[in-house]
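Please look over the model below, first as a whole and then residue by residue. The report is meant to be read beside the sequence and the coordinates.

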Amino acid sequence: MSKILVTGGCGMIGSNLVKRLVAEGHDVTVIDNLWRGKLEYLDGPDGKPMIDTSSRFHCI
């Protein structure tokens, strides 16, 4: 397990990368300005975010 920072993690490519890394058991932190991406893109199949958005998501 690694700690990984994904910039642009709420876009199409970034969100898919985040989902894959979380599924592999990595500790993922996301930074995004939400200009094009959406926080909802980080939702898993159950409709809940794949990461803890209160501590693992930062909007700049």
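This is a predicted model: local features need pLDDT of at least 70, side-chain atom pairs count only at pLDDT 80 or more; totals for chains, interfaces and linings use all residues.

Residues are numbered from 1 along each chain as its sequence is written, and side-chain values use heavy atoms, with hydrogens and water left out.

The protein contains one helix and three strands, in the order β-α-β-β from the N terminus; helices (H or I, at least four residues) and strands (E, at least two) are DSSP runs, numbered from the N terminus. Its radius of gyration of 10 Å agrees with the value near 10 Å of a compact globule of 60 residues, where the radius is taken over C-alpha atoms and the globule rule is 2.2 Å times the number of residues to the power 0.38. The C-alpha atoms fill a box of roughly 30 × 25 × 20 Å along the principal axes. Of the contacts with a separation of 6 or more, 55% join residues 24 or more positions apart, a contact being heavy atoms within 4.5 Å.

The three strands form an open sheet with the order β1-β2-β3 and parallel pairing; two strands pair if DSSP finds at least two bridges between them. The edge strands, β1 (3-7) and β3 (57-59), each pair on one side only, and neighbouring strands are turned by 15° against each other on average, direction ignored. Helix α1 packs on this sheet, touching β1 and β2, and its direction makes about 170° with that of β1; axes are lines fitted to C-alpha atoms, for helices over the stretch in contact, and angles run from 0 to 180 degrees between N-to-C directions. Three bridges join β2 to the parallel β3, and Val30 stands opposite Phe57 in β3.

Two residues are compared here by accessibility, with buried meaning under 20% relative accessible area, exposed over 50% and partly exposed in between (1.4 Å probe, protein chains only).

| Residue | Relative accessible area | Class |
|---|---|---|
| Thr29 | 14% | buried |
| Glu24 | 46% | partly exposed |

Thr29 belongs to strand β2 and, not counting residues up to four places away in sequence, touches Ile4, Leu5, Val6, Arg56 and His58. Glu24 lies in the loop between α1 (12-23) and β2 (27-32), and its C-alpha is 18 Å from that of Asp46, 22 residues apart in sequence. Over the whole protein, 30% of the 60 residues count as buried.
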